[in-house]
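Visitor: Could you walk me through this structure and tell me what stands behind each label you use?
Guide: Gladly; have a look first, and then ask away.

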Amino acid sequence: MLLHVRASQRIITVIFLILAVCFLITYWPGPILSIPTTSPPTTTRTTRQRLFIPLPPFQFHRPENTTSLAGIDPLLNITAPLHPPDPLAPDGSPILPRVNATILSLVRDTDLPTLIKTIQSLEQSFNHIYHYPYLLLNNVPFTQEFRKQILQHTSSPVTFSVIPPDDWSLPAHISGPRLQSSFDKLTSLDAEVQYADSLSYRQMCRYYSGKFMHHPDLAKYKYYWRIDPHVDFYCNMTYDPFRYLQEREMVYGWTISVYDNPDTITSLWPTVQSFLEVNQDIKLHPKNTLGWVTDTYPNPPPHSADSSNSTSSRAARANGFSTCHFWSNFEIADLDFFRSETYTRYFEYLDREGGFFYERWGDAPVHSIALALFADRSKVHWFADIGYRHVPYWNCPNDPGRCDTGVCVPGRFTDGRGIEGEDCRANWFWWGGMQ
């Protein structure tokens with residue numbers, strides 16, 4: 001009998017405690033527990049397409065009043081490859097099959113000496129083991145001498161292709177007088193603007209922004225690795241970066257992120273906003289990095305600012321665009337992203353506005369904005385363990401066992417004085433992380 005009484009008392013006590021907790025949860029004026037969420041608020045738009053920026057999910061401690069990571073560069077901590085070495089057969093060849101991928105470059109015959117240097121560097125550090133095919137594009141046929149010289153520097157297959165004329169020529173809707181006015185405007189600025197009056201550079205940027213992915217000779221591939229003349233690779237790759245992306249279903253890999261010159265992209269961000277306003281059916285990815293492309297801190301004035309407006313931040317001069325972007329002379333990416341309906345409609349809208357010619361919109365900011373809006377941030381990867389240089393910027397891990405650290409000095413961002421602040425990686429780490 002006593003046992004039954006005690007059991008009843010315990011039951012009554014438990015019921016009382018449950019009721020007390022429910023009362024507190026319901027009527028207590030403030031939160032009892034503060035439980036952090038692992039998912040940041042998603043970016044939504046009202047019917048008027050107002051953009052709301054989620055809080056940064058990664059609390060990377062950005063340095064105050066500067067974007068330079070000198071002395072605190074995460075590359076100083078990259079002392080080994082970020083992926084286990086691929087298994088190799090006794091003869092040194094990979095055991096795993098190649099991914100459906102190619103190494104891509106848009107070049108001219110005059111680029112032969114510097115392209116050979118790039119290929120030699122990539123072959124030595126990576127492709128002498130994996131033998132991925134090369135696809136070289138030109139707006140005119142390559143000469144026989146060019147083909148002969150290239151084939152002497154790689155044992156991998158090389159395809160020499162011509163860009164379809166309609167993809168390279170000046171679009172019919174572009175006005176000649178207005179184009180010349182663009183040349184005159186950029187060349188008249190006090191500070192030099194690279195390729196200010198170059199038509200071919202504008203054609204190249206437009207082609208890489210929205211045409212290359214549809215080239216017939218690229219159609220059979222899923223991934224590409226873009227290389228340019230004048231670049232160097234400094235670390236022996238012990239794994240396949242294509243497979244790294246494929247196994248993790250990632251869409252994009254990069255090494256360097258910098259600010260752009262706002263004088264060349266003044267209307268790009270307003271045009272993107274207009275695109276989103278008109279195309280209400282296109283949604284931002286729930287894990288977007290909108291904050292990265294609209295961030296205004298610290299956002300310094302351009303290094304090459306026009307002296308008449310030298311104190312304006314880049315974001316102000318680019319009408320709300322931070323100008324941060326992935327430097328696209330190095331990119332390893334999934335072509336499905338750039339062939340998607342969303343990206344195709346995005347590019348076609350930009351193309352109709354004419355900014356590739358009337359200003360000098362680059363493929364790097366166009367790609368980067370699309371990735372920020374439409375890609376999952378966890379599917380964008382920083383290849384921190386790939387030693388890389390395109391003058392004047394570097395990506396140098398602290399791994400002397402694999403890398404030529406005597407040249408590619410760990411943590412070194414630039415060999416140009418006064419441009420350490422051009423580094424935009426800290427803002428990406430803040431908004432997108434370091435995966």
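Visitor: Which residues is Ser156 in contact with, leaving aside its neighbours within four places in sequence?
Guide: Those residues are Glu123, Asn127, His131, Tyr132 and Tyr134. Contact here means heavy atoms within 4.5 Å. Please keep in mind that this is a predicted model, where local features need pLDDT of at least 70 and side-chain atom pairs count only at pLDDT 80 or more, while totals for chains, interfaces and linings use all residues. Residues are numbered from 1 along each chain as its sequence is written, and side-chain values use heavy atoms, with hydrogens and water left out.

Visitor: Why is Ser156 called buried?
Guide: Buried means under 20% relative accessible area, exposed means over 50%, and partly exposed lies in between (1.4 Å probe, protein chains only). Ser156 has a relative accessible area of 4%, so Ser156 is buried. Ser156 sits in the loop between helix H3 (144-151) and E3. Helices (H or I, at least four residues) and strands (E, at least two) are DSSP runs, numbered from the N terminus.

Visitor: What does the side chain of Ser156 reach at 3.5 Å?
Guide: The backbone oxygen of Tyr132. A polar contact is a pair of N or O atoms within 3.5 Å; within protein, one must be able to donate a hydrogen and the other to accept it, and residues adjacent in sequence count only if both atoms are side-chain atoms.

Visitor: What makes E2 and E3 a pair of strands?
Guide: Two strands pair if DSSP finds at least two bridges between them. Five bridges join strand E2 (residues 134-138) to E3, and the two run parallel. One example is Asn138, whose bridge partner in E3 is Val162.

Visitor: What is the strand order of the open sheet?
Guide: The seven strands follow the order E3-E2-E1-E4-E9-E6-E10, with mixed pairing. Strand E3 (158-162) and strand E10 (380-382) each have a single partner strand, so one side of each is left without a neighbour in the sheet. From one strand to the next, the twist averages 20°.

Visitor: Which strands does helix H2 touch?
Guide: Helix H2 (residues 112-130) packs on the sheet and touches strand E1 (101-106), E2 and strand E4 (223-226). The direction of H2 makes about 165° with that of E2. Helix H6 (residues 199-210) also packs on the sheet, touching E1, E2 and E4, and its direction makes about 160° with that of E1. Axes are lines fitted to C-alpha atoms, for helices over the stretch in contact, and angles run from 0 to 180 degrees between N-to-C directions.

Visitor: How do you know that Asp281 and Arg345 meet in a salt bridge?
Guide: A salt bridge is a side-chain nitrogen of Lys or Arg within 4 Å of a carboxyl oxygen of Asp or Glu. For Asp281 and Arg345 the N to O value is 2.9 Å. The pair links distant parts of the chain, 64 residues apart, with Asp281 in the loop between helix H8 (268-278) and helix H9 (290-294) and Arg345 in helix H12 (residues 341-353).

Visitor: Why is Arg345 called partly exposed?
Guide: Its relative accessible area is 22%, so Arg345 is partly exposed.

Visitor: How many salt bridges does a search of the whole structure find?
Guide: The search finds 16. Among them, Asp228 pairs with Arg226, with the closest N and O atoms 3.1 Å apart, and both residues are buried.
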